Amino acid sequence: MITPHMNSKISDFSEVVIISGDPLRIKYIAKNFLKNSIKINNVRLMLGYTGFYKNKKVSLMSHGMGIPSLSIYIRELFFNYNVKKIIRLGTCGKISKNIKMRDIVVAIGASTDSSMNRLRFKNYDFSSTATFNMLKNTYNIAKKYNFKIHIGNIFSTDSFYGKSDSFYNLIKNFGILAIDMETSGLYSLSSELNFQTVSICTVSDCIFSKKSISFKDRENTLNDSIILALELSIK
Ligand code: HPA
């Protein structure tokens, strides 16, 4: 055991890791997109894999739901496995009416109702932003592949359920594109620890109409964003 949550060897990990909340999505990417992939973590079934994409070593790691769970894995990847670049491949609920189900939202920055950034930043408001170079490369790759992306501010909530329509209207009026549960915490950690990051989320839910893509589709119809993250990982 290297950390309380991971049983991978240090050499198992590439310096570049694609992370996702859902372990089955990680397994799906490893099986369908990487060559010679091996499982490198199974503690708590939070699956991790390493393999090759276009002959370059890439690792994949799951992180569960929400900023507290994500933060455990990010800190361990950074401090125990020397990871330097972390690409989040997630899902989000759309707020903006200009966005469609299955479109891709790339976060420049992330607002939040989580207290994690305040804990880290001595109770001041921290502006959580992506690494510019990663954002620029994501944009260029998406244009090259003709992927449908939207770039802007998203909101990372601690509370998947129980928010009111007046809250959703408020953030819509502030130009928030979509909601997830992790990006703000990932971005503040990248600033605190100094690794590169960007968060790429496929729209799986519509907040106002309450429509969702199915459980099965969540796992395996995110192929555009998977290719986007993999191409970014080898830049
Ligand atoms: N809300 C918050 N996080 C999410 C959602 C949502 O509707 N969909 C995917 N992640």
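Helix axes here are lines fitted to C-alpha atoms over the stretch in contact, and angles run from 0 to 180 degrees between N-to-C directions. With that in hand, look at helix α2 (residues 67-81) and helix α6 (residues 183-193), whose axes lie 9 Å apart and meet at an angle of about 30°. That makes α2 roughly parallel to α6, a label given to angles under 35 degrees. The crossing of α2 over α6 is right-handed, the term for a near helix turned clockwise from the far one by less than a right angle. Helices (H or I, at least four residues) and strands (E, at least two) are DSSP runs, numbered from the N terminus.

A word on the model itself: it is predicted, so local features need pLDDT of at least 70 and side-chain atom pairs pLDDT 80 or more, while totals for chains, interfaces and linings use all residues. Residues are numbered from 1 along each chain as its sequence is written, and side-chain values use heavy atoms, without hydrogens or water.

Now turn to the ligand. Around it sit T91, C92, G93, F160, I179, D180, M181, S204, D205 and I207, each with a heavy atom within 4 Å. By class, this shell holds five nonpolar, three polar and two charged residues; Asp, Glu, Lys and Arg count as charged, Ala, Val, Leu, Ile, Met, Phe, Trp, Tyr, Cys and Pro as nonpolar, and the others, Gly among them, as polar.

The protein buries 91% of the 260 Å² that the ligand exposes when taken alone, by the Shrake-Rupley method with a 1.4 Å probe. Elements giving two or more residues to the shell are β5 (85-94), β9 (178-180) and β10 (196-206), and β5 gives the most, with three.

Conventions: Parallel < 35°, antiparallel > 145°, perpendicular 65-115°, else oblique.
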